[in-house]
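Work through the exercises below on charged side-chain pairs. Each task is followed by a stepwise solution.

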Amino acid sequence: MPALPLSDPSITLIVAAIAVRLGMIVLVLGGIGYLIYLAVKKPSMEQDQVHRTAVLKSIYFYLASFVGLMMLIIAAVNLLSIVLKATIFVKADYYPGLSVEDSCSAERLQVETPKMTRAQCEKKVAENIKMNDMNRTSSRQNDLAFDFGLIIAGAPLFAYHFMQVQGIRKARKKA
Amino acid sequence: MENTTAPSRFTVIKALYLYLVSFATLMMMTFSAASIVSNLLKMTIFTKADVYYSSYAGPGCDGQPYYAGQPTSTPEQCEKLMILNRKNEDENRAARRQESMVFSISMFVVATPLFALHWRLLKRREENAA
């Protein structure tokens with residue numbers, strides 16, 4: 001079997017995707033391992049115990065802030081995408097299908113829909129175009145509802161926990 | 001006699017447990033709240049949100065026979081089938097929305113007291129430590 005060339009863009013993308021996933025798995029496992037180490041190793045002094053608890057608290061607030069921020073970023077990207085599709089790239093999700101001339105030609109009617117007249121065929125094509133437009137609108141509204149849900153839930157999550165992170169940093173600087 | 005004031009690993013394990021459960025329940029609350037808000041928006045403002053109609057009415061309605069030998073329907077029959085399909089789709093959509101709402105509300109109601117309890121325990125530990 002011939003070796004796959006690494007210069008092939010599709011192969012590069014696959015390798016990159018695998019590397020990112022492996023990196024994320026290593027990070028998560030490393031984080032879990034560190035938390036277990038913090039929990040299991042017997043503290044030698046009371047200060048060590050207080051320090052570990054403070055580390056756990058910091059990790060909690062940073063993680064919660066990160067999740068809130070990711071929710072906001074994803075919602076913002078989706079919203080921008082919807083705005084661009086509605087204003088500049090208006091044909092981005094527009095799939096018109098076959099035209100009336102192609103769908104309702106004499107040959108097509110004779111072979112595929114012998115019981116349908118040309119007028120009925122044109123009416124059906126017009127209905128299909130209207131249905132495509134409706135489906136596009138519903139897809140965009142679905143995305144909008146999802147994005148606003150993410151923003152309304154993610155904003156207070158990020159705001160509160162980020163403020164707590166700032167408080168922890170100020171307390172450490174004072175100490 | 002064991003020195004009860006000596007630092008114990010169980011204290012850190014307890015703290016780890018409280019923070020983990022607080023984080024997990026906070027995530028449950030957050031994503032279920034996002035889902036509830038999304039469903040409410042779909043019911044009130046974005047009412048066309050998950051309205052997807054298919055142009056396919058039924059077997060024999062597209063001109064291509066569903067299977068060899070099946071008689072094709074007349075356009076009038078196809079239109080009746082289409083109306084019936086749309087009515088079914090509307091009912092399915094209502095069922096899907098309600099199911100999603102029920103699941104989100106259940107998750108929120110279960111996660112909130114768990115988060116409140118564990119967060120209160122954490123705050124109490126911090127106050128005691130201070």
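A:Asp133 has a relative accessibility of 29% and is therefore partly exposed, a class that lies between buried (under 20% relative accessible area) and exposed (over 50%), with a 1.4 Å probe and protein chains only. The model is predicted: local features need pLDDT of at least 70, side-chain atom pairs count only at pLDDT 80 or more, and totals for chains, interfaces and linings use all residues. Residues are numbered from 1 along each chain as its sequence is written, chains are lettered from A and ligands numbered from 1 in the order in which they are written, and side-chain values use heavy atoms, without hydrogens and water.

**Exercise 1.** Describe the pair B:Asp90 and B:Arg93.

Step 1. Their salt bridge spans 3.1 Å, N to O.
Step 2. About one helical turn separates them, because they are three residues apart in helix α2 of chain B.
Step 3. B:Asp90 is partly exposed at 30%, whereas B:Arg93 is buried at 13%.

**Exercise 2.** Which chains does the pair of B:Glu126 and A:Lys57 join?

Step 1. The two side chains form a salt bridge of 3.3 Å, N to O.
Step 2. The pair crosses from helix α2 (residues 75-129) of chain B to helix α2 (residues 46-87) of chain A.
Step 3. B:Glu126 is partly exposed, at 28% relative accessibility.

Key:
Salt bridge = Lys/Arg side-chain N within 4 Å of Asp/Glu carboxyl O. Helix = DSSP H or I, 4+ residues; strand = E, 2+ residues; numbered from the N terminus.
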